[in-house]
Amino acid sequence: MNLLLFSLFREKKRRRVVELTEKMVVDGGTCEWEGRWNHVKKFLERSGPFTHPDFEPSTESLQFMLETCKILVIGAGGLGCELLKDLALSSFRNIHVVDMDTIDVSNLNRQFLFRPKDIGRPKADVAADFINSRIPGCCVVPHFKKIQDLDETFYRQFHIIVCGLDSIVARRWMNGMLLSLLVYEDGVLDPGSIIPLIDGGTEGFKGNARVILPGMTACIDCTLELYPPQVNFPMCTIASMPRLPEHCIEYVRMLLWPKETPFGGRKSLGLIIIKFDMRLTRPLLTNGVVLDGDDPEHIQWVYQRSLERAAEFNITGVTYRLTQGVVKRIIPAVASTNAVIAAACATEVFKIASSAYISLNNYMVFNDVDGLYTYTFEAERKENCSACSQVPVDLHFSPSSKLQEVLDYLTESASLQMKSPAITASVEGKNKTLYLQSVASIEQRTRPNLSKTLKELGLTDRQELAVADVTTPQTMLFRLSFTS
Amino acid sequence: MAATNASKEQKYDRQLRLWGDHGQEALENAHVCLINATATGTEILKNLVLPGIGAFTIVDGHTVSGEDVGNNFFLSNNNIGKNRAQAATELLQELNSDVSGNYVEESPDKLLDNDPEFFHRFTVVIGVHLPESTCLRLGSVLWSASVPFLVCKTYGLIGYMRLVVQEHTVIESHPDNALEDLRLDQPFAEFKNHIQSYDLDSMAKKDHSHTPWVIVVAKYLAKWLSEHNSQPPKNYKEKEAFRQFIREGILKNENGVPEDEENFEEAIKNVNTALNPTKVPNSVEDLFNSEQCNNITSQSLSFWVMLRAVKDFVHKEGNGSLPVRGTIPDMIADSQKFINLQNVYREKAMQDAAAVSKHVECLLQSVGKPPESISEKDIKLFCKNASFLRVVRCRSLAEEYSVDSVNKDEITSCMDNPDSEMVFYLMLRAVDRFYQQHSRYPGVYNYQVEDDISKLKLCVNSLLQEYSLNVNIKDDYIHEFCRYGAAEPHTVAAFLGGSAAQEAIKIISHQFVPFSNTFIYNAMSQTSATLQL
């Protein structure tokens with residue numbers, strides 16, 4: 001199957017190289033110097049015993065890499081900065097980078113394209129500027145946007161997309177976007193519509209790099225169980241039985257802050273909603289200033305109150321650093337791990353673009369806590385993957401189950417892990433929104449449906465439910481399978 | 001201008017959470033030497049400058065070539081013709097104003113000829129793309145001076161690292177999956193008393209459901225022991241029975257239906273590990289038996305003095321066990337019960353550390369050193385990490401390269417699989433040999449590739465013969481290494497850059513465990529191996 005993909009890649013290459021050779025002559029190559037690409041050329045112009053079966057050594061390949069190949073880098077942070085450097089020094093010139101963040105002082109220990117003077121500026125812009133000025137001829141185009149702000153016409157233009165994201169939700173969205181670009185003719189996948197996705201992730205001294213060929217190899221959702229949902233502390237522990245300093249900090253963040261609304265705002269009246277999404281770093285507030293983990297005054301307030309809470313229960317260990325870590329859900333990070341994982345990803349981009357070698361098949365993990373450890377394996381496609389199997393996933397519920405149970409399953413199941421799914425279905429010929437959380441007025445209107453049974457809602461066996469969620473750009477289809 | 005402490009804390013926040021303020025201090029006091037500012041070299045240094053090492057010095061006699069600029073982020077095309085050490089220092093220095101960068105426009109061979117003690121001042125020396133003879137000379141100087149030496153090379157799609165350090169001690173190894181130190185099999189007196197203060201049978205439901213699982217297991221274990229001739233559950237069958245025994249202790253409501261007691265569920269889940277016998281880990285026993293531990297002198301490092309003190313403690317107050325660690329995992333319990341239990345372990349840990357302290361004092365006295373030479377803080381940290389102590393010892397390069405002491409076993413057993421990463425080590429050795437003979441690397445120019453294959457094969461064969469290695473190296477690898485033409489692709493250099501930098505940080509900070517002693521990375525297959533050579 002890989003052979004088809006690569007031969008199509010080369011077809012794309014051959015057609016464009018002709019156009020380009022002309023372009024190069026006109027340009028005159030002002031940003032080249034003698035020997036510049038010697039290290040790269042050996043892999044493009046020489047045959048060898050371990051190259052990809054489709055590989056043909058050629059002096060034109062370098063032109064393809066320099067002039068035609070278009071790479072998209074998602075994220076200009078720890079991995080993104082490294083990726084941009086690695087790609088630029090591997091003869092890629094047409095690079096786009098997307099990042100919605102601005103630069104923070106805590107980025108500077110590893111995001112080496114940024115300096116103290118850049119704090120507050122968009123990462124994508126600063127990263128692009130730096131690379132373009134350091135690597136003559138390289139043209140990085142920045143996009144200070146969320147990935148969701150760009151559409152399929154944007155993503156379709158790239159040969160390869162490489163992600164250096166810090167969020168599983170974003171990864172799944174990207175995964176879904178590339179799956180949505182796939183073209184099937186008579187049930188057969190058109191290899192030309194496949195855009196390889198290289199995905200890297202790091203956390204402290206651990207990291208992983210994987211190669212995804214959408215529609216062909218395991219996708220992000222196929223292996224969702226590798227990222228088990230983050231377990232948060234039980235509410236009763238936080239509210240009445242703290243044991244660890246972390247519990248004290250969560251108490252202040254989730255319960256005390258909304259109650260006391262420091263730094264302005266009216267005090268909230270009545271009960272505080274206890275069961276809300278604990279993954280949000282900001283409590284849901286209808287009045288009052290939202291806790292900002294980046295505001296030292298806010299963190300100081302939380303820290304002091306946490307110390308008081310801890311003292312009540314004779315708990316030691318609350319520090320300012322711990323407070324900030326808990327409030328912002330900080331993941332420790334160093335330059336070295338990001339360098340390793342980005343390098344592995346960039347190597348794969350090079351292999352795929354040049355067909356020089358067979359690419360990683362398909363998942364590598366890395367850990368350098370004790371010596372250096374790597375493990376490489378082939379992640380398998382999941383037969384009934386909710387993202388890439390193209391077959392609606394079965395949902396098994398009895399007709400007397402409440403809609404709330406279906407909602408809980410969508411959010412809590414390890415294989416789905418949705419965030420705030422919106423469920424619609426065709427009832428009596430009309431499209432009906434059963435429940436939607438993200439728009440307040442619709443949430444209010446559809447909330448009563450949660451306590452109704454599926455039968456009461458007019459749903460039938462084998463009926464399709466369409467579910468939208470932040471984890472996917474396209475609606476996911478499910479099929480209700482009634483149990484007795 | 002050096003940043004203020006507050007802004008440094010902010011800048012380094014994400015890494016301080018990994019190695020702490022004391023780890024950062026060690027980094028800021030370190031002076032790293034890099035030899036040869038190739039892409040591999042500058043990538044390694046970048047990952048040391050960013051986290052804030054105190055200073056670096058680049059030693060490089062080469063001038064910058066067009067090829068150098070092409071794969072190196074820290075060289076620009078207007079550096080061509082200038083000395084490479086100077087050019088790279090400028091752009092590396094620019095990464096972090098907290099770091100002080102220096103350069104010496106000299107080849108390492110010259111320095112070894114004229115001033116080998118130049119290298120004694122460094123915390124660690126990183127040698128990149130050194131010819132074999134230079135590498136061995138430098139290795140010998142650094143070995144005698146006890147300066148850690150990290151040898152790195154990117155050759156085509158292969159990355160290579162060799163750590164050369166005589167003895168590197170690690171107190172804070174930060175193991176990923178540490179077993180808890182709960183002493184359920186041999187409860188110390190204060191723990192026994194604490195357990196006795198509970199009477200599960202007479203407790204109100206709220207208290208019963210919020211009793212820490214450690215107490216629950218302890219109680220049921222005591223009952224079991226009294227009914228089984230003081231024999232704890234040993235095999236799967238007995239452990240199952242024990243789990244069932246605990247399960248029967250779950251309170252039932254008036255209809256006889258078991259209540260929801262999460263603490264009891266935790267107890268049942270933890271039976272397996274809870275019943276692990278408390279013993280000194282083999283790795284620590286080995287350290288106890290080592291020469292450095294048994295022969296404490298005034299030259300002994302604090303590590304060995306403290307280790308000996310712990311050993312003496314084990315044989316005396318510890319009754320065969322290490323000092324109590326003092327930490328317990330979180331568990332379902334009300335605050336007071338948990339804190340009280342935690343305090344039992346904490347206080348015992350403090351007691352044990354104080355006993356170890358006394359032994360430290362005695363030892364220091366016996367070799368004529370003041371008791372303050374080793375702080376209470378250090379002794380406490382040592383005791384807390386007693387189960388996780390590690391010592392890394394690497395053979396010298398001389399030993400690796402000598403025909404008399406080459407590690408034939410390691411090489412031949414790995415090469416049972418002719419595609420194991422060991423083949424790349426042998427190829428790198430063969431390539432070095434080629435360089436020695438021909439003053440160039442194989443296949444650098446296109447026209448050389450084919451002819452060099454047979455020349456390189458001769459080097460391979462002479463290598464295998466010299467060391468009497470009865471292994472087979474496939475022709476494909478010889479061809480591949482000619483194809484590489486000593487290329488240094490940036491992505492492979494960058495992978496090694498991250499790997500080597502972190503190993504250097506481990507050496508400098510004495511936290512986390514360095515590899516030993518040879519690491520090979522294969523970018524073709526994205527695999528790696530650590531070899532002992």
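Q: In strand 3 of chain B, which residue is the bridge partner of T57(B)?
A: In this predicted model, T57(B) has N102(B) as its bridge partner in strand 3 of chain B.

Q: How do strand 2 and strand 3 of chain B pair, parallel or antiparallel?
A: Strand 2 of chain B and strand 3 (residues 100-104) pair in the parallel sense, over 5 bridges.

Q: And which residue stands opposite H31(B)?
A: H31(B) stands opposite A55(B) in strand 2 of chain B. Strand 1 (residues 31-35) of chain B pairs with strand 2 in the parallel sense, also over 5 bridges. With helix 3 (residues 39-49) of chain B, these two strands make a right-handed β-α-β unit.

Q: Why is strand 2 of chain B described as largely enclosed?
A: Strand 2 (residues 55-59) of chain B has 5 of its 5 residues buried, so the rest of the structure largely encloses it. On one side the buried residues are A55(B), T57(B) and V59(B), and on the other F56(B) and I58(B).

Q: Turning to chain A, what is the strand order of the open sheet?
A: The 5 strands run 11-15-14-12-13, with mixed pairing. Strand 11 (393-397) and strand 13 (430-435) of chain A each have a single partner strand, so one side of each lacks a neighbour in the sheet.

Q: Which helix lies across those strands?
A: Helix 13 (residues 403-412) of chain A does, running at about 135° to strand 11 of chain A.

Q: Where is pLDDT below 50 in chain A?
A: Residues 17-29 of chain A are one such stretch, and residues 270-283 of chain A also stay under 50. Where pLDDT is low, the predicted coordinates should not be read in detail.

Definitions and conventions. Residues numbered from 1 in each chain as written. Chains lettered and ligands numbered in written order. Predicted model: local features only at pLDDT ≥ 70, side-chain atom pairs only at ≥ 80, totals over all residues. Heavy atoms only, no water. pLDDT = per-residue confidence, 0-100. Contact = heavy atoms within 4.5 Å. Pairing = 2+ DSSP bridges. Helix = DSSP H or I, 4+ residues; strand = E, 2+ residues; numbered from the N terminus. Axes fitted to C-alpha atoms, helices over the stretch in contact; angles between N-to-C directions. Buried < 20%, exposed > 50% of the residue type's maximum accessible area, 1.4 Å probe, protein only. Right-handed = clockwise from strand over helix to strand, strands pointing away.
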